[in-house]
Amino acid sequence: MNKDEQLIRKKSPIQIKNKKASFEYFFIDTFTAGIVLTGTEIKSIRQGKASLVDCYCDIHNGEVWVKGMNVSPYFYGSWSNVPTRRDRKLLLNKREIRQLEDASKNPGFTIVPTLLFIDGHGRAKLDIAIAKGKKEYDKRQTLREKQDKREMDRAIKHF
């Protein structure tokens, strides 16, 4: 990821994060993918009405699909609204799909969405990561590190 991509993510008005994923998994490698959406879905995402909780990615027939992503129905859309938790196709090139497929075949590895954002051209993009599940003691260690960092930040503010 270069500096321009990082800047776009920071400037994006919509940043929907999957906070649970960072607690449950170690991220090995990340990719940015486009999403195939309908008109009312992109309008709903631009309003910030989407959720990445309990969603995952699956590879089927050489295509990557995100399953379980919730995009609320657009308020002004009537007959054009689609089901909220339908499967959505991700747009990646063949080399990236092959990498994801090879990694997900290994035991203990999965593909999880981490961030949904709007890029500079107004398109919805999804950051996905090859992830390895954490054990219980890893989760406790992560909580401990988070708490220590928070305490250090508070101590610095007092000086």
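Biologist: Which residue forms a salt bridge with Asp-153?
Modeller: In this predicted model, Asp-153 pairs with Lys-149, and the closest N and O atoms lie 3.8 Å apart; a salt bridge here is a side-chain nitrogen of Lys or Arg within 4 Å of a carboxyl oxygen of Asp or Glu.

Biologist: How many residues apart are they in helix H5?
Modeller: Asp-153 and Lys-149 are four residues apart in helix H5, so about one helical turn separates them. Helices (H or I, at least four residues) and strands (E, at least two) are DSSP runs, numbered from the N terminus.

Biologist: Is Lys-149 buried or exposed?
Modeller: Lys-149 is exposed at 53% relative accessibility, while Asp-153 is partly exposed at 35%. Buried means under 20% relative accessible area, exposed over 50%, and partly exposed in between (1.4 Å probe, protein chains only).

Biologist: Switching topic, what does Glu-41 pair with?
Modeller: Glu-41 forms a salt bridge with Arg-86, where the closest N and O atoms are 2.7 Å apart. This pair links distant parts of the chain, 45 residues apart, with Glu-41 in helix H3 (residues 39-46) and Arg-86 in the loop between strand S6 (70-71) and strand S7 (88-91).

Biologist: And is Glu-41 buried or exposed?
Modeller: Glu-41 is buried, at 3% relative accessibility, whereas Arg-86 is partly exposed, at 24%.

Biologist: How many salt bridges does a search of the whole structure find?
Modeller: The search finds eight, one of which joins Asp-54 to Lys-20 with the closest N and O atoms 3.2 Å apart.

Note on methods
Residues numbered from 1 in each chain as written. Predicted model: local features only at pLDDT ≥ 70, side-chain atom pairs only at ≥ 80, totals over all residues. Heavy atoms only, no water.
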